[in-house]
Amino acid sequence: MSVVAPPALLKSGSLNGKLSIPYTGTPGKGLFHMIGTHGGTQSFKNPASSGFAKDSVISVHGTASSGSPDDILAWGQRSLWTHDDKSKAWFRIDLGRQRCIRLSHYSMMRGGGAARVSNWSLLGRNSETEYWDTLINHTNDNSLIEGGQENKSHTFSVNCSHYYSDFKLKMTKKSSNNSDWYFSVACVEFYGEYRTNIKSESWCAFHTLSDQGDDLLNNAIWV
């Protein structure tokens, strides 16, 4: 599937804000933090919360036996995990039809509990399509469980040539001790080239680095 951007981003007269958000070695300072702090100008508010305008809310789908699926966007604040059920061992993050990102990296933090995930996939698609593309497949990947510590994070490179607006993290095998399907995730964060047509994100198109003091914005590349 060859996708450049969701149609809403290509409409005549759209905002078409573009921003490159690179991974700079500090997990958690990516797309969701950028949106949640309104470009680094205010305290973080979870972009999946009702505190955002309706067209600005990021939708998070899935079921959790502990925590709320929305917590996956708030870096390092809570742990959550799914039910012990293969059909429910996933979380989906939908940016909406007016946002998309071409991923270069993503960070993931393991949640608490006994679950030790080492086999999972990150999938991507656009809101108007039915099929998922596999962006990265983790097989016997112990990056999140080495040392046995809870809330361990790791940042993964993603070789992605297309923009996507809808993502799914899906557990593909039982936890490393082959005991259950609890997908234990504290949070995730995305990095890459971001596009938006959300009016409240006009900072993405029109702010400049020179008038921003936040380190996050200083690391961003305006394109």
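How many aromatic pairs does the count come to by the ring-centre rule? The count comes to seven, where rings of Phe, Tyr and Trp (its six-membered ring) pair if their centres lie within 6.5 Å, and planes under 30 degrees apart are called stacked, over 60 edge-to-face and the rest tilted. The model is a predicted one, so to speak of local features a pLDDT of at least 70 is needed and side-chain atom pairs count only at pLDDT 80 or more, while totals for chains, interfaces and linings use all residues. Residues are numbered from 1 along each chain as its sequence is written, and side-chain values use heavy atoms, with hydrogens and water left out.

One of the aromatic pairs is Y164 with F167, an edge-to-face arrangement at 6.4 Å centre to centre and 70° between the planes. Y164 counts as buried because its relative accessibility is 3%, the scale being buried under 20% relative accessible area, exposed over 50% and partly exposed in between (1.4 Å probe, protein chains only). F167 is buried too, with a relative accessible area of 2%. Both residues belong to one aromatic cluster, together with F32 and F190.

W132 sits in the loop between β6 and β7; helices (H or I, at least four residues) and strands (E, at least two) are DSSP runs, numbered from the N terminus. With a relative accessible area of 24%, W132 is partly exposed. Setting aside neighbours within four places in sequence, W132 is in contact (heavy atoms within 4.5 Å) with R92, L123, G124, R125, D166, F167 and K168.

Strand β6 (residues 120–125) is joined to β7 by five bridges, and the two run antiparallel. S121 stands opposite N137 in β7.

H61 is partly exposed, at a relative accessible area of 29%. H61 and R92 are 31 residues apart in sequence but 4.9 Å apart in space, C-alpha to C-alpha. Beyond neighbours within four places in sequence, H61 is in contact with W90, F91, R92 and D94. D94 itself is found in strand β4 (residues 90–94) and is buried, with a relative accessible area of 13%. The side chain of D94 reaches the backbone nitrogen of G96 at 2.9 Å. That is a polar contact, meaning a pair of N or O atoms within 3.5 Å; within protein, one must be able to donate a hydrogen and the other to accept it, and residues adjacent in sequence count only if both atoms are side-chain atoms.

Next comes the packing. The largest nonpolar core has 39 residues, of which I72, Y106, M108 and F183 touch the most other members; such a core is a set of buried Ala, Val, Leu, Ile, Met, Phe, Trp, Tyr and Cys residues joined through side-chain atoms within 4.5 Å. Elements giving two or more residues to this core include β1 (17–21), α1 (31–36), β5 (99–110), β9 (166–171) and β10 (184–196). I72 touches V60, L80, F91, I93, L169, V185, A186, C187 and V188, not counting residues up to four places away in sequence. As for β1, four of its five residues are buried. β1 pairs with β10 in the antiparallel sense over five bridges, and the bridge partner of I21 in β10 is G192.

Two loop residues deserve a word on backbone angles. Most residues other than glycine have a negative phi. H38, in the loop between α1 and β2, has a positive phi near 55°; at 29% relative accessibility, H38 counts as partly exposed. N140, in the loop between β7 and β8 (153–157), likewise has a positive phi, near 50°. N140 is exposed, with a relative accessible area of 56%.

Technical notes. Two strands pair if DSSP finds at least two bridges between them.
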